[in-house]
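The entries follow the order in which I looked things up.

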Amino acid sequence: MSLLAGLAREAKRRLLLGRALAWIVTHPRAARGIRDERAWIFGASVGRAYVDNSAALHRYVRRERPDIAAYWAIDRDSADVEAARALGPVLFRDSCEAWVRGLLAAVHIISHGVHDVPACASRRSSRTVKVRLGHGLTALKRTKPRRGHDNRSANALFDLVPVASEFEKAHKLDWDIDPDRLVVTGLARFDTLGARDRDPPDDPKRTVYMPTWRDDADPDALQRAIGGLLADSALHALLERHDARLDVFLHVNFGRRLRDEIAGTGGGRVRFPALADPQALLAEAGLLVTDYSSVAWDMLYIDKPVVFYQFDPERFAEARGGYLEPDQLPGPLAREAGAVVPLIEACLTGAWREDPDWSRRMSAGQRRAFAFRDEGNCERIVAEIERRLAARG
């Protein structure tokens, strides 16, 4: 986002906040009724989509807790508006109503940033219980506070930050989050994977490749490394030989030009499915190839193999870095495109199951990363939110 675009968005948020405050002052009876509703407002991806941990928890609340007034905050031009609306009421983030309800809500639940939910960042909503679900288990990437903040100030407004384990909690302590706000519940989206007990996987011939975005990315270097793998003749021959396919899911921040350039190196059995949320893709696939993405832990949660293709370790370590040494990764590591292909083949043939190093990495990763491997994560998170609501009175 350019500086001018960011300033324009902030000016619009201030305008909407002012209008909402004025409405509350001039409509006290209606405002009291909205506050008495004690609504929970969910959001994700800065309003762009219905995805991730927030969506998983929202679905759970709509299904299991009809006593809770749950709303989803979204941009009115999002492709996911109808998907969210099918589950319950939505609030358009650019509307005065969304800001009024945001100011008067009992709970804000975000996964990507404070602007997922209107008024979440405002001190005027200080009575609201604010929950940061995050968008993945923290281990492979260190946090980066939003502009104008350090770690402590960026997280100071949150009352609850659910984590998957003591392992993740230790990393979040590095964010300067108060320990009493970090609670081991499991991550909401893990409940949606649902394929944990299926063996063999739904489609062992389907590989998903999800490279993460780099904040200081060199587009040419990304194109060479990612495009080099996708254009590798040995990869295409392997997929053809095993009647397999590779689905590529690129982060939205890659941008259209870079996405188009990378897509041009695919073809044949290398495809680019149009999806907003990769959860279903992961649950169905037999293998994930990634670099530093937290989706690696989603696959590990359901006993599926992960290959790490980290082609820029020095640059990544300098710009962001993570918490794990190479030997602690829950899957084998490749630095070059050519080294990825035999690892994919090991998964397509099933040989990975007999590899003692692979087995050791997966087992150690599961023991370390997950306090729970069940479908009770959402239930535990809701219980923690209600505890804080009760304490606040």
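Entry 1, overall form. I compared the radius of gyration, taken over C-alpha atoms, with the globule rule of 2.2 Å times the number of residues to the power 0.38. For 393 residues a compact globule would have a value near 21 Å, and the protein chain has 22 Å, which agrees. Along the principal axes, the C-alpha atoms fill a box of roughly 70 × 40 × 40 Å.

I noted the basis of the values: this is a predicted model, in which local features need pLDDT of at least 70 and side-chain atom pairs count only at pLDDT 80 or more, while totals for chains, interfaces and linings use all residues. Residues are numbered from 1 along each chain as its sequence is written, and side-chain values use heavy atoms, with hydrogens and water left out.

I then looked up contacts (heavy atoms within 4.5 Å). Of those between residues at least 6 apart in sequence, 69% join residues at least 24 apart.

I took buried as under 20% relative accessible area, exposed as over 50% and partly exposed as in between, with a 1.4 Å probe and protein chains only. Buried residues make up 53% of the 393 residues. The protein chain exposes about 17,700 Å², of which carbon and sulfur atoms supply 49%.

Rings of Phe, Tyr and Trp (its six-membered ring) pair if their centres lie within 6.5 Å; planes under 30 degrees apart count as stacked, over 60 as edge-to-face and the rest as tilted. I recorded 9 aromatic pairs in the structure. The rings of Phe 190 and Tyr 301 have centres 4.4 Å apart and planes at 25°, so this pair is stacked. Phe 190 belongs to the loop between β7 (182–184) and β8 (203–210) and Tyr 301 to helix α12 (residues 295–301), 111 residues apart.

I next followed Tyr 301 to Phe 370, an edge-to-face pair with 5.0 Å centre to centre and 90° between the planes. Phe 370 lies in the loop between α15 (356–369) and α16 (377–392), so its pair with Tyr 301 ties together parts 69 residues apart in sequence.

Ring pairs link Phe 190, Tyr 301 and Phe 370. I checked their burial: Phe 190 is buried, Tyr 301 counts as buried at 1% relative accessibility, and Phe 370 is buried with a relative accessible area of 9%.

Terms used. Accessible areas come from the Shrake-Rupley method with a 1.4 Å probe; for residues, only the protein chains shown count as cover. Helices (H or I, at least four residues) and strands (E, at least two) are DSSP runs, numbered from the N terminus.
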